[in-house]
Amino acid sequence: MRKLVILTALVVCISLVGGVFAAPAIKYVDAPPLSQAINTQVGEVKTGGPVQLPLITWGGDIATIYANGNSRTTVKGSIFEKEGLNFKLFREDDFKKQVEMYMRGETPYLRGTMGMINMAVEVLHRDPRTRPVVVYQMTESNGGDTLTVRAFDVKGNPYIRTAKDLKGKTIAVQAYGPHVDYLGKILADAGLSMKDVTIKWTKDLTGTDDTPAAALRNDKSVDAAMVIIPDATELTSGGAVGTGAEKSVKGAKILLTTKTANRIIADVYAVRADYFQAHRVEVEKFFHGLLIAEESLRGLVKNKSSRAVEYKKAFTAVADILLDSDKAVADAEGLYGDAEFVGYRGNVKFFGDPNYLRNFDKRTAEIQNAFAAIGLLSKRTSLDHAKWDYNRLKAGLSDVAGVEAPKFEKDEVAKVIDKKQKQGTLTEGELFSFEVYFQPNQNSFPFESYAESFAKVVDLAATYGGAVITVEGHSDPLGYLKSKKSGESDVVLSRTRQAAKNLSMARANAVRDSVIAYARKRGITVDASQFVVVGHGIDKARNGMCGNDPCAPKTEQEWRNNMRVEFRIIQIEAESSAFKPL
């Protein structure tokens, strides 16, 4: 929920043409690199009063407001005041303007997603004073950001069903906003690049006629849009499939949200290099104060019934500061629910764990590669982080150790997948899929032989932590077909068919175990509850089915193509009994 619109305050302007209400024309914008769009002179950081600290309209910023005493100015007795800090909070959702303020020295801090910070890295490297140092990870987006697509055409035929179907399509995205790197990662994981799609840039993210949601609604050339969850819900008739009534788009569907892709959009604070060098202790206290605030805020939310007065005060302040109305408490709670605060352990992992596949360095590299592909960056540019002494900074914190709990209810997930298999709907909710092949009579899958494929699985598991990954075994049907041709009885054929299914299940189990062993060998933790094995036997032959039986392979290659294990990444957010929201 990157910027929530209070619907009661939203005025929709519609022009009347020839007695019929006409949709307003979308005003698309150019999105040149920020190094070309910004020519602001660098100034010294202003001192002598409260430090200006930027916010954006996002759930992670609730902790910052809470740390400041539920006020725009630091309150006596607040967490920040106890750290010896003095801030004046201001909200600026226009990232370009925020960068310009940062460069002029009006604020030493920059607030954005990792994608946004990387988008500005070239212009900020022109002067050593403004080089950004990322000092804190606040949150991961956990549900508020979506890729919404035309899943069906006007005749009801499937149009965009998986991420691979985005090739050649036109996608609306807010210029310089939080979704550019989100799109880049989805495309990369589908084997595509930003060059494989046409991007139409909009000025705003939500709330006006110049947004990605308005583009999908009013421009038939737009096939998909990167939008926040309230807009996605509206476009899809309540989160189902758009009917075309009211503000929905006929055939529109949410393909992906960050509840599934919950390790793509990381929200962070960065600080100017000159300020960091001169005020390192102060910035360290800022880091520590935010950690304390996160823990305290979690406790407040958990015990909101017994701390009702304090809770109301906190979220009324958030509604006023982030949403411009102290009545928008429910919307403020929605913002909080869409953000996963990573806390102390998350910061240590993000900045300091080289084996964590979604760490600072890996995300910086993938983001800059995606941006370079579409000209938002001209080259890879280094991005620094604070390299804190985390052991020293855990004073006063309680949530500094422990093991992450499984995200899925194993038995419930198995029921969901079994039902999908029986109904033939495993491809519904599919995001990505790919296969590995094996030799005849092969029953073991040493990870040394499948390192490239297993690395891809582990990376997808880390990125799409809210998705189930099915490991689906398939068997060669030739033995069954030969038995049938030789006139074997139905009993024998049934046993042969079941034996093939058992064998495919055993192979799927062996592959899953080998993937987990591959990850463990490299010091990577994977959530075993995320993997579900399926044995298809001979029922999903690559060369198709002829009636109730597989079609006979005509060539050796067709024969070998049946000997495979398929990985499928499936979104099952709607299955609340299986998925444990974070």
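This briefing describes selected features of the structure shown above. The model is predicted. Its largest pocket has a volume of about 1,300 Å³, and its largest cavity holds about 30 Å³ of space. Helix α14 contributes to the lining of the pocket and to that of the cavity, and helix α14 also packs against helix α11.

**The largest pocket**

- The volume of the largest pocket is about 1,300 Å³, and 42 residues form its lining.
- Nearest the centre of this pocket lie Arg263, Glu340, Lys349, Glu404 and Lys407.
- Several elements each supply at least two lining residues: the strands β6 (132-141) and β13 (339-341), and the helices α13 (329-337), α14 (343-352) and α17 (451-463).
- Helix α14 provides the largest share of the pocket lining, with six residues.
- By class, the lining of the pocket consists of 18 nonpolar, twelve polar and twelve charged residues.

**The cavity**

- The model has one cavity of 30 Å³ or more.
- The space within the largest cavity amounts to about 30 Å³.
- Its lining is formed by Leu291, Glu295, Arg298, Gly343, Tyr344, Leu397 and Asp399.
- Helices α11 and α14 are the elements that give two or more residues to this lining.
- Helix α11 gives the most to the cavity lining, namely three residues.
- The cavity lining comprises three nonpolar, one polar and three charged residues.

**Packing of helices α11 and α14**

- Helix α11 spans residues 280-302, and its axis comes within 9 Å of the axis of α14, crossing at roughly 135 degrees.
- Helices α11 and α14 are therefore oblique to each other.
- Phe287, Leu291 and Glu294 of α11 make the contact with Gly343, Tyr344 and Asn347 of α14.
- This contact involves three nonpolar, two polar and one charged residues.
- Leu291, Gly343 and Tyr344 take part in the contact between these helices, and Leu291, Gly343 and Tyr344 are also among the residues that line the largest cavity.

**Packing of helices α7 and α15**

- Helix α7 (residues 180-189) packs against helix α15 (residues 360-373) at an angle of about 95 degrees, and their axes are 9 Å apart.
- This angle makes α7 roughly perpendicular to α15, because angles of 65 to 115 degrees are placed in that class.
- On the α7 side, the residues in contact are Val180, Asp181, Gly184 and Lys185; on the α15 side, they are Glu366, Ile367, Ala370 and Phe371.
- Four nonpolar, one polar and three charged residues make up the contact of α7 with α15.

**Residues with a positive phi**

- Most residues other than glycine have a negative phi.
- Serine 237, which is not a glycine, has a positive phi of about 55 degrees.
- The position of serine 237 is in the loop between α9 (229-235) and β11 (252-257).
- Serine 237 has a relative accessible area of 32% and is partly exposed.
- Asparagine 441 likewise has a positive phi, near 65 degrees, and is a residue other than glycine.
- The loop between β15 (430-437) and α17 holds asparagine 441.
- Asparagine 441 has a relative accessibility of 69% and counts as exposed, because the term applies to values over 50%.

- Valine 533 belongs to strand β17, which covers residues 531-537.
- The relative accessible area of valine 533 is 18%, so valine 533 falls under the 20% limit for a buried residue.
- When neighbours within four places in sequence are left aside, valine 533 is in contact with Val471, Met505, Ala508, Asn509 and Arg512.
- Between the C-alpha atoms of valine 533 and leucine 383 the separation is 40 Å, and these two residues are 150 residues apart along the chain.
- Serine 78 is located in the loop between α2 (61-67) and α3 (79-82).
- With a relative accessibility of 5%, serine 78 counts as buried.
- Apart from neighbours within four places in sequence, serine 78 is in contact with Ala67, Asn68 and Gly69.

Methods
Residues are numbered from 1 along each chain as its sequence is written. This is a predicted model: local features need pLDDT of at least 70, side-chain atom pairs count only at pLDDT 80 or more; totals for chains, interfaces and linings use all residues. Side-chain values use heavy atoms; hydrogens and water are left out. Helices (H or I, at least four residues) and strands (E, at least two) are DSSP runs, numbered from the N terminus. Buried means under 20% relative accessible area, exposed over 50%, partly exposed in between (1.4 Å probe, protein chains only). Contact means heavy atoms within 4.5 Å. Axes are lines fitted to C-alpha atoms, for helices over the stretch in contact, and angles run from 0 to 180 degrees between N-to-C directions. Angles under 35 degrees count as roughly parallel, over 145 as roughly antiparallel, 65 to 115 as roughly perpendicular and the rest as oblique. Ala, Val, Leu, Ile, Met, Phe, Trp, Tyr, Cys and Pro count as nonpolar, Asp, Glu, Lys and Arg as charged, and the others, Gly among them, as polar. On a 1 Å grid over the protein atoms alone, a cavity is a set of points where a 1.4 Å probe fits but cannot get out, and a pocket is an open set with protein on both sides within 12 Å along at least five of seven lines; lining residues have an atom within 4 Å of a point. Grid points are joined across faces, edges and corners, and a volume is the space filled by probe spheres set on the points.
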